[in-house]
Amino acid sequence: MHSPDKTTPEISSDALIDSLQQIIPLDSVLFEKEDLKPYECDGLSAYRAIPLVVVLPETIEQVKQILTLCHQYRVPVVARGAGTGLSGGALPHEQGVLLSLAKFTNIIDINPKRRIATVQPGVRNLAISQAADQYGLYYAPDPSSQIACTIGGNVAENSGGVHCLKYGLTVHNIQQLKIITIDGELLTISGSGLDSAGYDLLALMTGSEGMLGVIVEVTVKLLPKPERAQVILAAFDDVVKAGEAVGNIIAAGIIPGGLEMMDKLAIRAAEDFVHAGYPLQAEAILLCELDGTNEEVSQHILKVREVLKQSGASEVRTARDEAERQVLWQGRKAAFPAVGRLSPDYYCMDGTIPRKQLPQVLKAMADLSAEYELPVANVFHAGDGNLHPLILYDANIPGELERTEEFGGKILELCVEVGGTITGEHGVGMEKINQMCVQFNSLELQQFHAVKAAFDPDGLLNPGKAVPSLHRCAEFGAMHVHKGELPFPELERF
Amino acid sequence: MNSDISQQLQQQVQHAFERKAALSIFAGNSKAFYGRSDARAASAEILDVSGHRGVLNYEPTELVITARAGTPLREIEKLLEENGQMLPFEPPAFSDNATIGGTIACNLSGPRRAYTGAARDFLLGCKIINGKGEILSFGGEVMKNVAGYDVSRLMAGAMGTLGILLEVSLKVLPVAEMESTQLFQCTAAEALDRMHAWSQTPLPLSASSYHDSTLRVRLSGATEAVKAAVDTISGETVTAAEQYWQQLREQRLDFFTEEKPLWRISLASDTVSLGLPADYNEDNCLYEWGGALRWLKSDAPAETIQYAVAELDGHATLFRHDGDNNVFQPLTPGLMRIHQNLKQAFDPENILNPGKLYPEL
Ligand SMILES: Cc1cc2nc3c(=O)[nH]c(=O)nc-3n(C[C@H](O)[C@H](O)[C@H](O)COP(=O)(O)OP(=O)(O)OC[C@H]3O[C@@H](n4cnc5c(N)ncnc54)[C@H](O)[C@@H]3O)c2cc1C
């Protein structure tokens, strides 16, 4: 159903497996059906494919040799971290090698003076903060999947978390990368300083979804742990008021450490699941975390409470202690699985919108929900406009997955329409490839392909993902109408 | 004074593309000293972006501003100030004519950079004309956007060699409620030690500098937080500190007036010595960014400085000079190959500011 592309290797699978076994130990080359099965999908399980072979190298030299081999015989390569991605980015290629970085789990160095940590790509996000904790430092970007996802995957997706508005995304928190290009060359991108000579390849690699090179080492920046963090919960009888409150907090000159919103359905699901004490009658709640020095937090709490009340909050509650703070966050962090309990399946979307468009977008989403007869729960990184609508469906009902995907696509197109984007942090992968045709015109897509070719002219790294071919867009019949021009005029209509 | 001359600019690029004629991109001309002066540039046609100006969208509560590239930096800073906000990377202007496009193209950032981020960190999106004369948009006006490669940030620091900036969207932040600058007399080694110790604790630091045996540290944030931090780090509170940081940012301190080439050296903050031969007077340094940026006045040959800095995994830029063309740190062959491929991808006829960054580009 979701086949990425049709690249075929110029080597038989037996010969390929044989050659791979020359590079890495036998037990690090998997090719039996039952060994391949665990790799058939990432966090987006609707998309599955069995790779030809899975390799688990342990050294940079081995990765170099594997890529050189694949390059020589035109074998597609898909890199994989923990496989928690939500857009099918690590979906295997049926004719290709799945390159797992799972054995690259060493923390190479932590330098508290320079406030950096140099780690292998398979190190888990949370493990970095845990290792830095002894120095009073931490790694700021905190995707909800942080106990499982790898830093290599985080760089490849430019992952965010609940603290992005204040502390930035992955791209703002890394200093150096080592990558291996498809022809087996090791490149060190950026150095020991805060910037580097030449083009910003560090930014270009971040969020490149395994399309430009394989990341084999990451140096991340660390921050001092805030002296204190405190969370305020505010309840609203109207989502629009909650949205306005977010703007009012920022207008007051405060950038909270975290600023999250949940709608009624998400509140109820989370409350049933973790009993965080959320107000069930509210239409929306905001969780606003203030962090920094003791004095700063005290000062800002008073101010934010005031702003929330003036914005019409029906209840404003400050966590009295760390335990209560943890409980309030637990509800938010468990929102996905909590919503998952309401329905056999759920589908998580990831658009970003200018915050002021929230009322219109929520309204349009409610209309679509009625039209498709599928309920939606909303979890929202409110501070930075990143929406995570969760569509509830049942994959066992014939046609319901397809309806859900179509509904999801409509939501993303809506985000583009109001000036936003189809993905804030989960990436395009396989999933949003059609919506790329909505967000970008053919010239822009061609420019992306040219960037790809600058690194990987044969298109062997993660083929068919992230950037659609113009043909695909024509088939999809995307509605990117740019200043009245017909989209893809050079292509025949289907 | 809003005007949209994108059509005209596009036609000029298309025309140059057809004729394979080099274009030299200008706007405010405030940073003409910066970068290489290539023979190809001398005979190039001028592409003047300064007429393409105007703020297109500014919503303080969305923390975003979008402006045409030729909009004067001063105009943008004034508008933000009126709304209690700022460009968090404190860009140097070097002249009243500086434009926002030139600022982003050079990716220059001021004293706050080490604590809040560089120009590239605040760039959310841009509209460009590539070397084929195509108008393209990347990124957008939202904080989080991972659709497609991050072409916007690639433009920051590319100095026009990959595309002409038409519009940029930037994240802005509220100005701090209070600022205070503390001063200490100490040696360079002591200054580095202090800066490192402080930056490992959650103090509201926003700038630091060391020269002439004097360490200055700026604290910015909520009033109570700054007051408490002043108590913690002590030192002498500087009056008229704002003026000092302004002069540092614009390179108007005495240090910068000396008649020698000025080097900008970016490296690990705890570097003690650059390892230059003794007669090159490496003590003649001004430190910024907690030690991660060093300004050096030196007659040493470019090769000597760049070799020494490469050994430290840093990079050295000949910031102000009289004719030496080894301006930017040489790239490894592997990185140069990628740079050339990218140049080819955006500007296949090599007409946009040829040779401005490297002779090969
Ligand atoms: C419950 C849950 C919550 C989540 N919450 C968040 C969230 O809050 N914020 C957020 O941003 N994301 C979130 N995610 C998505 C996901 O966790 C992130 O995208 C994460 O960065 C993926 O890391 P991974 O190691 O699992 O990568 P994978 O899924 O294995 O791979 C992701 C992509 O990166 C590429 N890749 C992986 N490693 C490398 C490498 N070394 N070199 C080159 N390319 C590589 C792959 O080819 C693929 O394209 C969530 C996922 C789940 C399941």
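## How chains A and B meet

Let us start where the two chains come together: the contact, meaning heavy atoms within 4.5 Å, takes 74 residues from chain B and 87 residues from chain A. This is a predicted model, in which local features need pLDDT of at least 70 and side-chain atom pairs count only at pLDDT 80 or more, while totals for chains, interfaces and linings use all residues. Residues are numbered from 1 along each chain as its sequence is written, chains are lettered from A and ligands numbered from 1 in the order in which they are written, and side-chain values use heavy atoms, with hydrogens and water left out.

The size of an interface is often given as the accessible area lost when the parts come together. Here, chain B and chain A bury about 6,600 Å² between them, with carbon and sulfur atoms giving 58% of that area. Buried area is the accessible area (1.4 Å probe) that two parts lose on being put together, summed over both. On the chain B side, B:K144, B:V146 and B:Y149 supply 15% of the area buried against chain A, more than any other three residues.

Eight salt bridges are found across the interface of chain B and chain A, each being a side-chain nitrogen of Lys or Arg within 4 Å of a carboxyl oxygen of Asp or Glu. A:D200 and B:R120 form a salt bridge through their side chains, at 2.7 Å from N to O. The interface of chain B and chain A also has 34 residue pairs in polar contact, both residues at pLDDT 80 or more. A polar contact is a pair of N or O atoms within 3.5 Å; within protein, one must be able to donate a hydrogen and the other to accept it, and residues adjacent in sequence count only if both atoms are side-chain atoms.

Next, find A:N158 in the loop between α5 (151–157) and α6 (164–167) of chain A. Helices such as these are DSSP runs (H or I, at least four residues), numbered from the N terminus. A:N158 counts as buried because its relative accessibility is 5%, where buried means under 20% relative accessible area, exposed over 50%, and partly exposed in between (1.4 Å probe, protein chains only). Its side chain reaches the backbone nitrogen of A:V171 at 2.9 Å. Beyond its neighbours within four places in sequence, A:N158 is in contact with residues including A:T206, A:G207 and B:V146.

For a contrasting spot, turn to A:P457, in the loop between α16 (442–455) and α17 (470–476) of chain A. A:P457 is exposed, with a relative accessible area of 62%. Its C-alpha atom is 49 Å from that of A:E227, 230 residues away along the chain.

Finally, consider chain B on its own. Chain B is divided into domain 1 (2–174) and domain 2 (178–249), with bounds that come from an automatic or database domain assignment. Eight residues from domain 1 of chain B and 10 residues from domain 2 of chain B take part in the contact. The C-alpha centres of these two domains of chain B lie 31 Å apart. About 790 Å² is buried between domain 1 of chain B and domain 2 of chain B, 48% of it from carbon and sulfur atoms. B:P111, B:R112 and B:Y115 supply 69% of the area that domain 1 of chain B buries against domain 2 of chain B. Three salt bridges are counted between domain 1 of chain B and domain 2 of chain B. The side chains of B:E77 and B:R249 also meet in a salt bridge, at 2.8 Å from N to O.

Notes: Helix = DSSP H or I, 4+ residues; strand = E, 2+ residues; numbered from the N terminus.
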